[in-house]
Structures are given as C-alpha cells and as structure tokens.
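Please take a moment to look over the sequence and the structure shown below.

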Amino acid sequence: MNQQIADSLAELEQVLDRARPIPALKSLSAAIINKPRPKPDLNKVALGIDASVFLKLSTHKSSADIIDYLSTKHSAPIVLPGQAIQEFWNNHLSAVDTTATGLRKKVAALAQDISNVDKNFGDFADRFESVLKDFSSEYGHLYDENTIRATSKMLEVLEQKASLTYVPRLRFQSIAASRKQTKTPPGFKDPGDGDFYIWIEFLFGLQLAKKAGRAFDHAILLTNDQKIDWSRGGVAHPILAAEAMELLEVPFDVWTIDQLAARI
C-alpha cells in the first residue's frame, strides 16, 4: 500500500469514527435554512454513482445525452464505488427484462386476446406456461438486444472515465456496526451495510482524486434512494454533508438521474 492510499484511509477512518470532528452544526443550520444556492458548474462537479442509478444510466429516456456528456465533456472525477457493482448484480438487474420475460408478456397478451374469443382457452394457456418455464430455465439469463446494447455502452464509458474504488472491509467493519447502532447515515434504514460502503468508497475515491490533483468544487452522489438516511426533500443529510466538507472541503448534494439529465 502506497503512502497516499494509507494516509487517505487513515483520514477517512478518523472522520467516520469522529476521532476527527466534523462541522455538523454548520451543516445542520444550512440544511434547515436551505437557502437557494447557485447551481454548480456541472463540469466542476465530482460525481458518484450509486447502485440504484447504475441501471438507469443506460435505460433512462435521456441516456444517450447522459452517456455522451459523461464520455466527451465531463472533466471532473467520476467515482464508481465497488459496492455498487455487486449491488447492481444482486438487487437491481432483476428490473431488466430478459428475453424470457419479454416473451412471457407477449404470450400473456396473446392468451388474453384468445380467451376473449374462447373461454375454453385455459388448456392452451397451461401448455404455453409449461413451455415458457422450460425456456426460462434455459435462457432466462439472456437480456434483450436493446438492453445489452445500452448497458454495454454505459459500461464502456464507465471503464474509460470512472475510478472504481474499494476500501478494506475488515478495517471499517466495527465503524459500520457502531454507526448502525447510533443511526448514523447512510444505511440505518436498511438491514445491511451496503449504503455505508457506497458512501465511504465514494469519499475515498474523491480523496484519491484530490491528492492526484484532479480539480472539483462540488461533490454529488447520483442515487434514486429517497430514504431519509440519504436526503430529505432533496436536501442531503447534514451529517453526510459535514463528513464530505471535512474530508474534501467541498459542498455535497444528492441528485437523482432525472436531475442530472435536466442539467445536461
């Protein structure tokens, strides 16, 4: 482990465990007052990508514009927490239509049309269902062509532009447990520690970017998670904002993919 990584992990650990104080009162006051702030220059905003928007990057109605902007125009850091990759596979990929689910929808529509003509269609519906089960068992892992094309493009852009970051899990395990017990954001609304690792890998990635001389004056995490352990009414939890300010010396906000698309 080089010295830059070791120093960044030590600083991150101190802030997360409150061995180093954070400007929580100032952040709380700013969150409550919530005065309108100038819109940040998007090209100077460091972006983090949560698992909940990983899929939306390729399926959003403005995905072409988003991918074009990220690949050709955005010069500030883009951080992809390693935790987001496994959560995307484990929890969010099920939202994508596979070849089998697409076929099931078409057969269901056909069944409804035929049953409107002949109520005795039930026997054929059972046989269709049996065939679909066999098909799903063999080909249920295959995704439709449009999904593959869009997702592949998105992954290609992230490989080129994003920093994939991980933190040592055992090192932060006790801090994760302590923060869960004290309802420290993010993740106290969920049973696991996934959001905690999303957060600290985002911070860690930006620490390394800053030490490497990458310029940014704002940090924004893209997430569709609306629970109050991330934000309330579009305002980032003041504890998260305070941790970001202490570590990175920049304001922190939480955006949805729709907000990013609107700015682009």
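The angle itself runs from 0 to 180 degrees between N-to-C directions, and the axes are lines fitted to C-alpha atoms, for helices over the stretch in contact. This is a predicted model, in which local features need pLDDT of at least 70 and side-chain atom pairs count only at pLDDT 80 or more, while totals for chains, interfaces and linings use all residues. Residues are numbered from 1 along each chain as its sequence is written, and side-chain values use heavy atoms, with hydrogens and water left out.

The protein chain has 13 helices and seven strands, where helices (H or I, at least four residues) and strands (E, at least two) are DSSP runs numbered from the N terminus. Of its 264 residues, 42% count as buried; buried means under 20% relative accessible area, exposed means over 50%, and partly exposed lies in between, with a 1.4 Å probe and protein chains only. Contact means heavy atoms within 4.5 Å, and among the contacts in the protein chain with a separation of 6 or more, 84% are accounted for by residues 24 or more positions apart.

Begin with α2 and α12, which pack at an angle of about 130°, with their axes 8 Å apart. These two helices, α2 and α12, are therefore oblique to each other. The contact is made by A24, S27, L28 and A31 of α2 together with P238, I239, A241 and A242 of α12. By class, this contact of α2 with α12 has seven nonpolar residues, one polar residue and no charged residues; here Ala, Val, Leu, Ile, Met, Phe, Trp, Tyr, Cys and Pro count as nonpolar, Asp, Glu, Lys and Arg as charged, and the others, Gly among them, as polar.

Helix α12 (residues 238–248) also packs with helix α11 (residues 194–211), at an angle of about 25° and with the axes 10 Å apart. The helices α11 and α12 are therefore roughly parallel to each other, and their crossing is right-handed. On the α11 side W199, L203, L206, Q207 and K210 take part, and they meet L240, E243, A244, L247 and L248 in α12. The residues of this contact of α11 with α12 divide into seven nonpolar, one polar and two charged.

Helix α11 has a further partner in α10, and these two pack at an angle of about 120°, with their axes 11 Å apart. The helices α10 and α11 are therefore oblique to each other, and α10 passes α11 in a right-handed crossing. The residues that make the contact are R169, F172, Q173, I175, A176 and R179 of α10, and F196, Y197, W199, I200 and E201 of α11.

Which residues touch the most other members of the largest nonpolar core? A nonpolar core is a set of buried Ala, Val, Leu, Ile, Met, Phe, Trp, Tyr and Cys residues joined through side-chain atoms within 4.5 Å, and in the largest one, with 61 residues, they are L12, F172, W199, I200 and F252. The largest share of this core, nine residues, comes from α11. If its neighbours within four places in sequence are left aside, I200 is in contact with L12, L16, V167 and F172.

The loop between α10 and α11 includes P186, and the peptide bond from P185 to P186 is cis, with omega near -10°. F188 lies in the loop between α10 and α11 as well, and F188 touches K180, K183 and D229, not counting residues up to four places away in sequence. The C-alpha atoms of F188 and D229 are separated by 6.4 Å, although these residues are 41 residues apart along the chain.

Two other loops hold residues with a positive phi. R18, in the loop between α1 (3–16) and α2 (24–33), is a residue other than glycine with phi near 65°, and at 34% relative accessibility R18 counts as partly exposed. N34, in the loop between α2 and β1 (45–49), has a phi near 50° and is partly exposed, with a relative accessible area of 44%.

Terms used: Angles under 35 degrees count as roughly parallel, over 145 as roughly antiparallel, 65 to 115 as roughly perpendicular and the rest as oblique. A crossing is left-handed if the near helix is turned anticlockwise from the far one by less than a right angle, and right-handed if clockwise.
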